[in-house]
Amino acid sequence: MNLPNYFLADLPPEADVTPELLTEACQNLKRNRDEYLARRSTESLLEVFHELGQSWLNPAFPFRQKALEFGPAATGFSRATLAAGIDRFFAELTGGKLHDLIAQDLGHEQRLDDLVANTLERKSSRLGLVRGPNLIAHICAGNIPSPALRSIVLGFLVRSAQVVKCASGATLLPRLFAHSIYEIEPKLGACLEIAEWPGGRAPLETALFREADCVTATGADETLAAIKSRLPIRVRFLGYGHRLSFGYVTQEVLSQIKLASVAAHAAADVAAWNQLGCLSPHVIYVECGGRASPEQFAEALAIELARRETIEPRGPVTVETAAAIATRRAFYEVRAAHGPETRCWFSKESTAWSVVYEADPRFQRSCLHRFVYVKSVANLKEALQAADDIRAKVSTVGLAAPESRALEIARELAGWGVTRVCPLGQMQNPSLSWRHDGRPSLADLVTWTDWEHEIYAS
Amino acid sequence: MPSHSTFSEYSARLREFISRQSGGGSAAPSSVTAETSGQFNQLALTLFALQFYHVPVYRRYCEARGITPENTTAWSEIPAIPAAAFKECALSSLSPAERTTVFHSSGTTTHKPSRHFHNHESLEVYEASLLPWFQRHVLPEVQFRFIILTPGPALAPHSSLVHMFETVRREFAPNDSMFVGSLHDHEIAHRDPEVGKDAFHRVPRISGSRPEKVRDGVESVPTGVMESANADGGWILETDQAWAALTHAASDDRPVVLLGTAFSFVELLDWMIGKQLRLSLPPGSRALETGGYKGRSRALPKAELHGLITDRLGIRSTHIVCEYGMSELSSQAYDRVAGAPPFQISNLKFEMHRTFRFPPWAQVQIVSPETGKAVDDGETGLIRIYDLANVRSVMAIQTEDLGIRRGEGFELVGRAAFSEPRGCSLMSTAAP
């Protein structure tokens, strides 16, 4: 791929990362951070990332081209799926949206630059300033690349040096993003490290945790617990466990005219990152009683997934993944043969997409890679009861509802514990200001200094 | 049932076929040849027609594919039912009243066990299928003592593996063999009081007031590499008993056949290592090892396990035979003849592959999970088995196991990551 050796992840595979090497890298990062990043103005950083966002959207941008050229082999996503994911992510990365995120999470757009007060603070003669960690270590899961990219942006906003530890085989996009930062501003690139090693290499992780003062991690609960247990007490830990998501389609939107477009939105959510993210739907709940039945919706969804396969193919999967899909398909074919409560629509001669309709509303975890359930429910209450087993684990609900009902449904979902409700079709497209798992992502990274100042009469 | 005569006729024809392939019973059966494949095809089509008309769930499954006996001319076109269907439905041509025995796969509290129903006649076919192929691979000579590392049939009446071991014990070493496994205490506490009265648990009549019991844990398992008895560990090895049997056997000239699951071997070997014990079984002794670990003992790579068997028990590696079978089948595959070289060695890479082979009355296909079509030699796919001895259930079984096609046989790779969807099964409404 001909990238210069700026990052540990650029080293040839035979070059082993050692704890000593990693410690040294961390210390360099922190020095660079003190020198080049700690006193950068928010405004200048926003300019850099705005420019980066625009560049990545440009089809001629060399790093984007490399991502699309080498991405399919490295990540398993097809070129079109990768392009769509890159577009979704970088369209959000604008100066304006970064500005809004800072204002939202920190209460003042200059909060990272100086002691400042917003209207509320002025009333009580208070000013506040935040600062980020010296060094953040991000332990990233390998399923999809966008969370690692987002973490990098947030880390820069709070002026932290960062080590991004990618899962095996998942470095390509973070690496290319890091190189694009390096190219636009080498001093910023010098505050970032991208590395890869197989999980569970304790000496490396111990070295990393010794240098970091904040660790973020995404992964299974057990992985998070294991990381957390090994952190020194002074280190802040932000863990994001695996989450599940589903869609909800109300009966009102299922007119014969709209059926195909609603199904196309659902198909977009299933196809995005091949359904591998926490925000991707496992199940689409569909209310009975509309002009089109849940079964008809399932069929329309199958048609849309077939259409999407022609323009944005899923791409090849391992034989193990194909076997998991084939085995699950066979299971539902037996059920479908048994009675009308189950129906199946599968891509022919491939495992590219699968739709299983079930009258039984119980939430099922999909085997992913574009395998989705459509389940029939009488109302939202029934859907939530059916999903009770995963109640604490739900991230996003993609909602297709008329305005007259949307607020009430969102209220109910919020009360039940869902942390994000968005339009169906946008599930894998969270805004930059998204509160990850219900937490203010940027605010979670910083530490405040409050100044309650006395006003002396002059 | 009017179907009896036809199933019986089929069974008689199959037993003749098995007998011919086995050279009249005791001699070694040959592998599949061009000549036998025609007979296999005829038997397969006959059995397909019987099962199509007498197993309603299977018939609907075939009809959904537009396949009927009338439009099928080759056994490879017969729809294979997923093994998981045995958990979902009563895949049987036997009415509830006719079912005398049921074999379960692993039955934990979180997973439904699969159920393979038999009557006396289908069990006879099972045994007719088992014995010659077992004998060919495990017992080329005579006069052995069996030590079996699982519970006996009274304790594990629904395990087809235990049934298999009991059948070979009865046939080949009736007087001087023993089972040295038992159940965890909590399993014994839940054990059906009727168990133990008879070699096999009788299935309570479903039509009566007593629902059929699916007891947690006891049943198990003889399936491919990743399957185990119970994830919660229903079976244990009575190590003292095992050790007594082994030391007694070691003092004698008569070779031993040690039969067990992979984890029962690990249990034995771990215990011996802990006690720093080692012995040398008489020359010609052999081990038959089957199944995997899932949640039991330590998981050991096959080569390491076999190394330990040689080291601690004095059984030569050429005498360790692996078996592949499952409760949904009535025939078994083995990876070598004890004492002989393994079945296949790739000359190109000088790699040794443990290649399993079924008897001539069971055919294997390795199919691409992506396309459903047979893969080329050396490629990986899902293992599909057409077992002519599966008379009263369904002959064509799509397993969840991955294998590499190696000539007529296959090398086992592992199990597809299939977590069975939760929810009620169709069992209650599926009886024929």
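Predicted model: local features only at pLDDT ≥ 70, side-chain atom pairs only at ≥ 80, totals over all residues.
## Two helices in chain A

Let's start in chain A, where helix α2(A) passes helix α4(A) in a left-handed crossing. Helix α2 covers residues 42-57 of chain A and helix α4 covers residues 79-92 of chain A; their axes come within 8 Å and cross at roughly 155 degrees. Angles over 145 degrees count as roughly antiparallel, so α2(A) and α4(A) are roughly antiparallel to each other.

Who does the touching? On the α2(A) side you'll find A:Gly53, A:Trp56 and A:Leu57, and they meet A:Ile86, A:Asp87, A:Phe90 and A:Ala91 in α4(A). Sort the residues of this contact by class and you get five nonpolar, one polar and one charged.

Chain A is divided into domain 1, residues 16-242, and domain 2, residues 244-423. Take the centres over C-alpha atoms, and 32 Å separate domain 1 of chain A from domain 2 of chain A. The contact between these two domains takes 11 residues from domain 1 of chain A and 13 residues from domain 2 of chain A.

Helix α4(A) turns up again here: on the side of domain 1 of chain A that touches domain 2 of chain A, α4(A) gives the most, with four residues. By class, that side of domain 1 of chain A has five nonpolar, six polar and no charged residues.

## The parallel sheet of chain A

Now for some strands. Chain A has an open sheet of five strands in the order β4-β3-β2-β5-β6, with parallel pairing. At the edges sit β4 (192-196) and β6 (236-241) of chain A, and each pairs on one side only. From one strand to the next, the twist averages 15 degrees.

Zoom in on one pair: strand β3 of chain A, residues 161-166, and β4(A) pair in the parallel sense over five bridges. Look for A:Lys165, whose bridge partner in β4(A) is A:Ala195. Helix α1 of chain A, residues 19-37, packs on the sheet and touches β2 (135-139), β3 and β4 of chain A, with its direction at about 145 degrees to that of β3(A). Helix α7 of chain A, residues 146-157, lies across β2, β3, β4 and β5 (214-219) of chain A and runs at about 170 degrees to β3(A).

## The mixed sheet of chain B

Over in chain B, six strands form an open sheet in the order β5-β4-β8-β9-β10-β11, and the pairing is mixed. What does pairing involve? Strands of a sheet pair through backbone hydrogen bonds, either parallel or antiparallel. The edge strands are β5 (177-179) and β11 (333-334) of chain B, each pairing on one side only.

Within this sheet, strand β8 (residues 256-261) and strand β9 (residues 286-290) of chain B pair in the parallel sense over five bridges. For one bridge, find B:Gly260 and then its partner in β9(B), B:Glu289. Helix α8 of chain B, residues 239-250, packs on the sheet and touches β4 (145-148), β5 and β8 of chain B; its direction makes about 160 degrees with that of β4(B).

## Helix pairs in chain B

Helix α5 (residues 120-138) and helix α6 (residues 160-172) of chain B pack at an angle of about 65 degrees, with their axes 10 Å apart. Therefore α5(B) and α6(B) are roughly perpendicular to each other, and α5(B) passes α6(B) in a right-handed crossing. The contact is made by B:Glu127, B:Leu130, B:Leu131 and B:Phe134 of α5(B) with B:Met164, B:Thr167, B:Val168 and B:Glu171 of α6(B). These residues divide into five nonpolar, one polar and two charged.

Helix α2 of chain B, residues 34-54, packs with α3(B) at an angle of about 105 degrees, and their axes are 6 Å apart. That makes α2(B) roughly perpendicular to α3(B). Here B:Gln51, B:Phe52 and B:Tyr53 in α2(B) meet B:Tyr58, B:Arg59 and B:Cys62 in α3(B). The classes are four nonpolar, one polar and one charged.

## Where the chains touch

Finally, how many residues does each chain bring to the contact? There are 26 from chain B and 23 from chain A. On the chain B side, the elements giving two or more residues are α3 (56-64), β1 (81-82), α4 (85-88), β16 (380-387) and β17 (396-406) of chain B. Helix α3(B) gives the most to that side, with four residues. The residues on the side of chain B that touches chain A divide into 17 nonpolar, four polar and five charged.

Technical notes: Residues numbered from 1 in each chain as written. Chains lettered and ligands numbered in written order. Contact = placed C-beta atoms within 7 Å. Nonpolar A, V, L, I, M, F, W, Y, C, P; charged D, E, K, R; others polar. Axes fitted to C-alpha atoms, helices over the stretch in contact; angles between N-to-C directions. Parallel < 35°, antiparallel > 145°, perpendicular 65-115°, else oblique. Left-handed = near helix turned anticlockwise from the far one by under 90°. Domains from an automatic or database assignment. Pairing = 2+ DSSP bridges.
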